[in-house]
Amino acid sequence: MQITDKIIENHGLTKDEYKNIQKLLKRNPNLLELGIFSAMWNEHCSYKSSRIHLKKLPTKGKQVIQGPGENAGVIDIGDEDAIIFKIESHNHPSYIEPYQGAATGVGGILRDVFTMGARPIALLNSIHFGSPSHPKTKSLLNGVVSGIGGYGNCIGIPTVAGETKFNETYNENILVNAMAVGHAKKSKIFYSKAKGVNKAVVYVGSKTGRDGIHGASMASAEFNDNSEEKKPTVQVGDPFTEKLLLEACLELMRDDSIIAIQDMGAAGLTSSSVEMASKGLLGIELNLEKVPCREENMTPYEMMLSESQERMLIILEDGKENHAREIFKKWDLDFVVIGKTTNTGNLTLKYNDNLEGEIPISLLSSNAPIYDREFSKKRVPNDKIKIKDLKKIKLEDALLKILSSPNHSNKSWITNQYDQMVMCDTAQRSGSDAAVIRIHGKDKAIAVTVDSSANYCKSHPYTGGKQIVSENWRNLISVGAKPLAITNCLNFGNPENKEIMGEFAECLDGIKKACEFLNFPVVSGNVSFYNGTNKKNIDPTPVIGGVGLIKKLVQPINHIFKGSNNIIILIGKTFGHLEQSCYLKENYSIIKGKPPEVNLLNEKNNGEAVLNLINLSLISSAHDISSGGLITALSEMSLGSNFGVKIKKPKKLTSSIEYFFGEDQSRYILEIKEKNLIEVEKILQSKNIYYEKIGFTQDNNFEIEGEMKISINDLFKVNNQWYNNY
Amino acid sequence: MMNSSVIVFPGSNCDRDIAVALEKMQFKNKMVWHKETKLPKSDLIVIPGGFSYGDYLRSGAIAGKSLIIDEVIKAAKSGCLILGICNGFQILTETGLLKGTLLRNRNLKFINRDINIKVINNKTSFTSKYKLNQILKINIAHNEGNYFTDKDHLNKLKNENLIAFQYCDINGNISDQSNPNGAIENIAGIYNSKKNILGMMPHPERMVDNLISNTDGINLFASIMN
């Protein structure tokens, strides 16, 4: 078959890239080979635009067992225990087919974690939709939420935390990021590096169909008006088969049968075989007529590029074949030896002994293009907002406006659709700053959370990057966990645009800075470029997923007020930063100025002090202050309990709006029993932590002296009304 | 010493949870794979929650025809205690051991949250340790928990005191508002005529540990142990 310009374009390759392929191969590729190059060289698999910048991120630390480069990151949580976790995007498929897109996003990230030997113990998600009034939002929202629930509920892994946000920047390109967290024994972690020649390459799991062909290439291009036509490239999820695959793999992993294992994710059989061979500096030969197929007359091209779900590739030790086959038979899964490792360094594809294609593995991996794309830096925005010039809004009205907004209203209608309790180790369910999952059969626990702040990142990417890492750190601290490491999902627009590339590069600089300062390394992650439609790019939306450790879980701490007449302490300084605030956005539709600055020294000191107080059991509840400022955080502590607050207004106050709605960073609210106050103050003073005693809890009413008083019941109604009317 | 068996289908996902609860309550427990054709000696058989065979057809439909189920039916007829939780309840209705069926929740969504149920009959092997009308806070997690049955059977359930639990509010009021899934008469669990079989949608095994939830489920296992 003649490779025409049209075919090259359809494979998402540029003309220069094609010329490079010809040069490297020293001949023209056939269609199968071209398909394989396109699958390995696309942005999704090759990280060609991001790799240079990703190298900057801190990935090491005492707690890190495995950083980026494997299926997922691995950290040490003491004793024999390791936590394996990663976040990944499934944005494009979810926009085209929300239920299956989201479901297979969950399925894919779960495989990344159990491929390494971990039993998954928690699922999280960060989902972003367009404006609630956009005609597509409602059905996308419903589809994505049911898809996430449908997969996690069936396979029986609790979905414990997440965030759902609405912003018109996602009108034509929603974000669906799923994170999975698993637990493994440190001595039983499995990697994808092939070792040894003539070892059996085994295909296990579902059969291969024609679904998802070119999925990875689709994820590497912008959408246009014909995106609907891409529906056939979306894969279909089968959580029941994934459950079988999970149990069968974990059963096989109990002994030493496996040399290497890799899930067939994006670019399916191609990327899994290339990845394993490339890491082991080996070749791999596949006999494609042996691939279990779901449909008739599938061609080698289709088999190599299919993204059918719930499949794995395993390289087995000699003599373990029968033992492994028995296990997969027990679970009614396909188990077929489809090839072997070789010393040729080539990917060799045969069908009934005919050579269908042969490519040196290094051309697909280490020779894949790397682009140092041009980028422009962003200045700190200097537009100032004068509160005095704005129409006056009462404190109470402004608060109610925020609490009833789509972004801040109660999201239990979403989280109630996810099984949060299965496995019976969920000590803190969603709705708090982070979820807490006990390690099964032990008294330690991990805390997990995901965060993003797209408007901060848009306004000033560097500060925004620092801020999300810090907020994630703070959320883990707030439930009493020592933050250990993060995974990141970097959702950006078109990297060929130098402003977008600038957003990417500078966000990463910010993330790097905060991760380094807080000893909070990045151990895994995923880049999703080309989020946009018809040249309109989304706001930069890096999502951070963090994991922390609670060494001994005695009594989980959360943000809900525990009693009346307890003292409320505000940790950290309040300057009243209103630019880019939720207050201005919800009340005046103003999105202007720079994001709040993060002083990393204060962040660290305040956080460590709060963690210390929690560990000493001196705190009744704790909450970090983020979007919506002090008053929103206080109201979140009241909602969900029957306790309100009575807050004194500080005497020297320029503006109560700035004080209560400012989004200054590194702040926490703590609820403290009177008997613990002296001890708490002693500790805070000894560590030089800035704090204010701002009031106390009381029954029934939420009250700011001289400004507002509202019953908790009314507050609750307002917080729940948006969805009920949607 | 009580012997218990937990039936494990390939898509069961509450099997470990129930095993942990049973062992905590001092049962001598065995896991029984669905392809087995013999049951170990059991005083109690539990069919746990999950998605037995994926439930793409109808919840519990294929499990109701599985190899091990014949043995469960035989055991049930000989008076062995059988507890079906969530998907286990659905499977019991598919086998005919319990009458009625579980329809999709009326809001057509999966529901996971803590709800309240009331103990309607405390004179059974499953509930003797509870007080009559005691209100429990317990977790539900299902797509199809909307119990339905015909009029005659419903009358029988009432007349013979075969309703085990009904959904209620925190004060014990049984109303439409306290009905999470649309189940007829707020029914959350029922017995067979001999009261040796209990099917229930809520998950008692999730309520045996204060660190995770509460201990409202413990007395169900303690009653059986008695």
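This is a predicted model: local features need pLDDT of at least 70, side-chain atom pairs count only at pLDDT 80 or more; totals for chains, interfaces and linings use all residues.
View 1. Residues 24 or more positions apart supply 74% of the chain B contacts that have a separation of 6 or more; a contact requires C-beta atoms, placed from the backbone, within 7 Å.

Residues are numbered from 1 along each chain as its sequence is written, and chains are lettered from A in the order in which they are written. Local features need pLDDT of at least 70, side-chain atom pairs count only at pLDDT 80 or more, and totals for chains, interfaces and linings use all residues.

**View 2. Fold of chain B.** Chain B has 5 helices and 11 strands (DSSP runs of H or I, at least four residues, and of E, at least two, numbered from the N terminus). Its radius of gyration is 16 Å, close to the 17 Å of the globule rule for 226 residues, so chain B is as compact as a globular protein of that length. The radius is taken over C-alpha atoms, and the rule is 2.2 Å times the number of residues to the power 0.38.

**View 3. Helix α21 of chain A.** The 16 residues of α21(A), residues 600-615, should span 22 Å at 1.5 Å a residue, and the end C-alpha atoms are 22 Å apart, which agrees; the expected span uses one less than the number of residues. Buried positions in α21(A) include A:Glu603, A:Val610 and A:Ile614. Among the elements covering the buried residues are α18 (461-478) and β22 (567-571) of chain A. Just after α21(A), A:Ser617 has a positive phi of about 55°.

Note on methods. Two residues are in contact if their C-beta atoms, placed from the backbone, lie within 7 Å. A residue is buried if 20 or more other C-beta atoms lie within 10 Å of its own, exposed if 12 or fewer, and partly exposed in between; C-beta atoms are placed from the backbone.
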